[in-house]
Amino acid sequence: FKGKLLALKEKHPNLIKEVRGTGLILGAELTIPGREVVEKVLEKGAIINCTAGNVLRFIPPLIITKEQVDEVTNMVDEALGEIG
């Protein structure tokens, strides 16, 4: 999961400042407020959270599958592409 988020950072360096976390508890610090990203991802069918105004927080269940990780990271990628 973290590798997928790091790939998004590479793809959207103007929007993702840092990816951090351990295990499945991960965060992506944005250079913009995160509310719009959260709303766009929710419209696409996944629930993510934003903390501190600009950090996307990911805390999936321990039974998450690789396919589900791919799906949510694709949703975040699409949302970031729509924004910036």
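Me: Before we start, what does contact mean here?
Reply: Contact means heavy atoms within 4.5 Å. Also, this is a predicted model.

Me: OK. Which residues does valine 69 contact, leaving aside its neighbours within four places in sequence?
Reply: Valine 69 is in contact with Phe1, Lys4 and Ile64, once those neighbours are set aside.

Me: How far apart are the C-alpha atoms of valine 69 and lysine 4?
Reply: They are separated by 8.2 Å, and the two residues lie 65 residues apart along the chain.

Me: Is valine 69 buried or exposed?
Reply: Valine 69 has a relative accessible area of 10%. Under 20% counts as buried, so valine 69 is buried.

Me: Where does valine 69 sit?
Reply: In helix α3.

Me: Which other residues of α3 are buried?
Reply: Besides Val69, the buried ones are Asp70, Val72, Thr73, Met75, Val76, Asp77, Ala79 and Leu80.

Me: Take α1, then. At what angle do α1 and α3 pack?
Reply: About 20 degrees, with their axes 10 Å apart. Angles under 35 degrees count as roughly parallel, so that is what α1 and α3 are. The crossing of α1 past α3 is right-handed.

Me: Which residues meet there?
Reply: From α1, Lys4, Leu5, Leu8 and Lys11; from α3, Val69, Asp70, Thr73, Val76 and Asp77. By class, this contact has four nonpolar, one polar and four charged residues.

Me: New topic. What span should helix α3 have?
Reply: Its 18 residues, 66–83, should span 26 Å at 1.5 Å a residue. The end C-alpha atoms are 26 Å apart, which agrees.

Methods
Residues are numbered from 1 along each chain as its sequence is written. This is a predicted model: local features need pLDDT of at least 70, side-chain atom pairs count only at pLDDT 80 or more; totals for chains, interfaces and linings use all residues. Side-chain values use heavy atoms; hydrogens and water are left out. Helices (H or I, at least four residues) and strands (E, at least two) are DSSP runs, numbered from the N terminus. The expected span of a helix is 1.5 Å times one less than its number of residues. Buried means under 20% relative accessible area, exposed over 50%, partly exposed in between (1.4 Å probe, protein chains only). Axes are lines fitted to C-alpha atoms, for helices over the stretch in contact, and angles run from 0 to 180 degrees between N-to-C directions. Angles under 35 degrees count as roughly parallel, over 145 as roughly antiparallel, 65 to 115 as roughly perpendicular and the rest as oblique. A crossing is left-handed if the near helix is turned anticlockwise from the far one by less than a right angle, and right-handed if clockwise. Ala, Val, Leu, Ile, Met, Phe, Trp, Tyr, Cys and Pro count as nonpolar, Asp, Glu, Lys and Arg as charged, and the others, Gly among them, as polar.
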